[in-house]
Amino acid sequence: MGSRVYLLLTLAFYTVGAVHVVLQALLKRKLLSNALLTATLVGFALHTAGLSQRWTEAGRFPVAGVHDACSFLAWATVLGFLTTYLRTRVDALGLAVYPTAFLLVLVSNLTQPVQPDPALAGALFPVHAALAFIGYAALFVAWAMGIFYLVQERELKRRTPLSFYYLIPSLERCDTISGQAVLLGFGLLSLAITSGMALAHQSLGRYWLWDAKGITALVAWALYVILLVTRWRAGWGGRRQALLGIGAFTAVVLVFVIVATLGGSAAMAGAGAPRP
Amino acid sequence: MILVVGVSHRTAPLDVREALAFPHEHLPQALESLRKEAGLSEACILSTCNRVEIYGREAEPRAIEAVPQFLARYHGRPLEQLRPHLYVLEGEKAIRHVFRVAASLDSMVLGEPQILGQVKDAYEAAEHAGALGATLNALRNRSVSAAKRARSETGIGQNAVSVSYVAVELARKIFGELRGKNVLMVGAGKMSLLAAKHLVTSGARATVLGGRTFAKAEELAAALGGTAAPFESLRDELGRADIVISSTGAPHTVIHREDVEQARKVRGGRPLFLIDIAVPRDVDADVAKMDGVFLYDLDDLKAVAEANLRERQKEAAAAESLVEGEIREFLAWQKSLDVVPLLVELRKKAEEIRKAELDKVRGRLGSLSPEQQQAVEAATSAIVNKLLHPPTVQIKELSKNGYSAETAGLVRRLFGL
């Protein structure tokens with residue numbers, strides 16, 4: 001099977017997931033069922049097989065261009081979700097993850113792959129890209145949990161429980177998971193930056209590129225440093241941390257999108273992290 | 001046939017239910033006289049504050065009259081007085097009732113969790129008293145598992161519907177795990193004590209602020225396994241507390257905005273959950289506007305309880321249809337245990353054998369006169385009938401007391417059915 005067939009099958013599974021969680025949320029029912037989780041795992045396995053197939057077809061690690069970047073980002077997001085869910089059993093996260101994964105895989109299905117830049121060869125590149133993408137997936141989880149925190153806080157303040165009160169976990173859970181995800185995402189982002197610098201030095205002889213990605217990475221990195229330091233001092237993240245987490249990730253995504261539309265074929269290979 | 005006779009919150013006022021209640025320690029003896037007097041081969045008595053019900057398996061047709069009479073006689077009440085409150089259900093209706101009660105679909109508070117435990121206890125008491133046979137045991141297993149499914153697969157048991165539990169649930173929505181959280185009690189009413197007890201059971205630590213009567217605070221603190229502190233230390237304690245339950249009888253505000261602001265300086269952004277159960281209210285309503293402070297008064301808690309109950313009611317239809325499916329299965333299973341089809345089958349098989357063997361020897365017998373023909377028929381039929389008579393009687397007898405699927409299987413194997 002070609003990688004596109006895999007991608008289409010993956011889309012089918014993620015569509016089922018997205019429709020299911022949205023419907024369940026509207027009906028105020030339990031978001032996830034064992035059947036849905038099984039379907040997600042099958043979809044994820046197909047997605048993984050598809051990525052590996054695409055790697056073989058392209059001859060290089062495929063993260064260049066909208067087609068590959070969206071696909072890989074969706075993969076990382078679902079990975080982040082499955083890991084978080086298995087650890088915490090917070091199913092509300094599905095409400096953010098399934099539609100996102102669906103959209104990303106849909107975009108990937110609708111776009112044509114581009115041939116990766118030969119400069120992206122080398123053993124370090126897949127590691128660098130994977131670190132960056134999984135790091136962003138972790139920061140996405142933090143972003144979603146931050147939003148849940150704000151929504152749950154509003155529900156509790158309003159004193160009349162509406163549907164979200166029942167769906168979303170406790171403030172403490174949102175706060176803790178968001179904090180841990182930021183920590184993990186930040187760690188991975190730092191490693192991605194470091195490996196990116198090594199890559200840049202290897203192929204261009206420079207450690208840092210002052211392009212949009214380099215600047216974004218630095219801004220994102222700085223924002224998350226502030227976030228982590230204030231959190232570490234306060235113990236409880238609370239509303240301000242939730243807002244900071246949401247703001248930081250939104251900024252990263254905005255630049256990601258801008259770079260993707262302005263930049264060339266390799267622009268999305270590791271947006272936020274410098275790359276030759 | 002399964003029989004249900006009883007009164008519940010739907011049919012009888014509290015004093016009638018009280019008058020008919022069976023104390024747990026009287027159950028063995030009550031079950032024994034019930035079975036003897038009312039002609040039940042199996043019996044179980046469910047006695048809670050909301051219902052008194054007798055589940056039985058009728059051994060004699062008189063049971064349907066005898067069980068109400070037993071209830072009246074046992075409790076020394078004239079039957080005519082009880083009659084308007086009693087319901088008597090038989091067969092499918094009785095089975096449906098038993099299933100719905102266990103699943104808490106017939107409860108005063110829909111989906112309340114106690115009933116299932118009470119039902120289990122009732123069956124256990126009946127089992128100990130030797131009053132349970134195959135039929136009620138099967139009813140017990142099926143209805144309890146249906147109730148568990150209804151609880152786990154639908155939302156009828158979700159979300160607290162009593163004020164004190166709502167307080168605990170809200171605390172969980174804020175703090176997640178309650179272990180190690182500090183509960184501060186300011187004043188003590190019945191409801192606040194109940195809420196504090198639930199919180200302490202979940203692992204929270206209690207501190208009780210004393211007013212003029214410090215001894216009372218100490219007593220309360222001891223009951224909650226916590227400590228007492230003088231009222232003057234309110235601000236310090238507010239700094240430490242995660243959950244505050246206030247229920248003083250004071251006619252004025254007890255916890256002011258300044259108190260909470262002061263406390264927030266040492267709290268490091270941790271949320272503060274204030275439960276104001278007092279009427280008139282103890283906590284300055286302005287406090288609710290502060291970041292990270294959640295204030296609920298009695299009306300708020302009641303509103304949440306009502307919203308939760310509405311959520312449960314929405315789930316009731318799903319639970320009803322799930323339980324209905326289980327009832328259908330139980331009925332089908334019960335039908336498979338019916339002895340009549342088994343006996344019909346047995347007789348049919350014997351008749352086929354007789355006919356086949358007769359056909360085989362007909363040729364060798366030559367032509368028979370109608371009288372001879374009749375005699376052969378009569379003789380062979382008599383052999384079959386006489387051979388089948390004892391097993392038929394025994395199977396019918398077995399079916400009266402605890403005839404099980406295994407027995408049916410054994411009969412089928414013995415006769416090659």
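Two strands count as paired if DSSP finds at least two bridges between them. Helices (H or I, at least four residues) and strands (E, at least two) are DSSP runs, numbered from the N terminus. The model in these views is predicted, so local features need pLDDT of at least 70 and side-chain atom pairs count only at pLDDT 80 or more, while totals for chains, interfaces and linings use all residues. Residues are numbered from 1 along each chain as its sequence is written, with chains lettered from A and ligands numbered from 1 in the order in which they are written.

**View 1. An open sheet of four strands in chain B.** Its order is 2-3-1-4, with antiparallel pairing. Strand 2 (40–47) and strand 4 (87–90) of chain B each have a single partner strand, so one side of each is left without a neighbour in the sheet. On average, neighbouring strands are turned by 15 degrees against each other, direction ignored; axes are lines fitted to C-alpha atoms, for helices over the stretch in contact, and angles run from 0 to 180 degrees between N-to-C directions.

**View 2. Strand 1 (residues 2–8) beside strand 4 of chain B.** Four bridges join these antiparallel strands. Look for Leu3(B), which stands opposite Glu90(B) of strand 4.

**View 3. Helix 3 (residues 63–74) of chain B across the strands.** This helix lies across strand 1, strand 2, strand 3 (51–58) and strand 4 of chain B, and runs at about 30 degrees to strand 1. Two residues are in contact if their C-beta atoms, placed from the backbone, lie within 7 Å.

**View 4. The contact of chain B with chain A.** Here 19 residues come from chain B and 17 residues from chain A. Helix 13 (298–336) of chain B is among the suppliers of the side touching chain A, and gives the most, with five residues.
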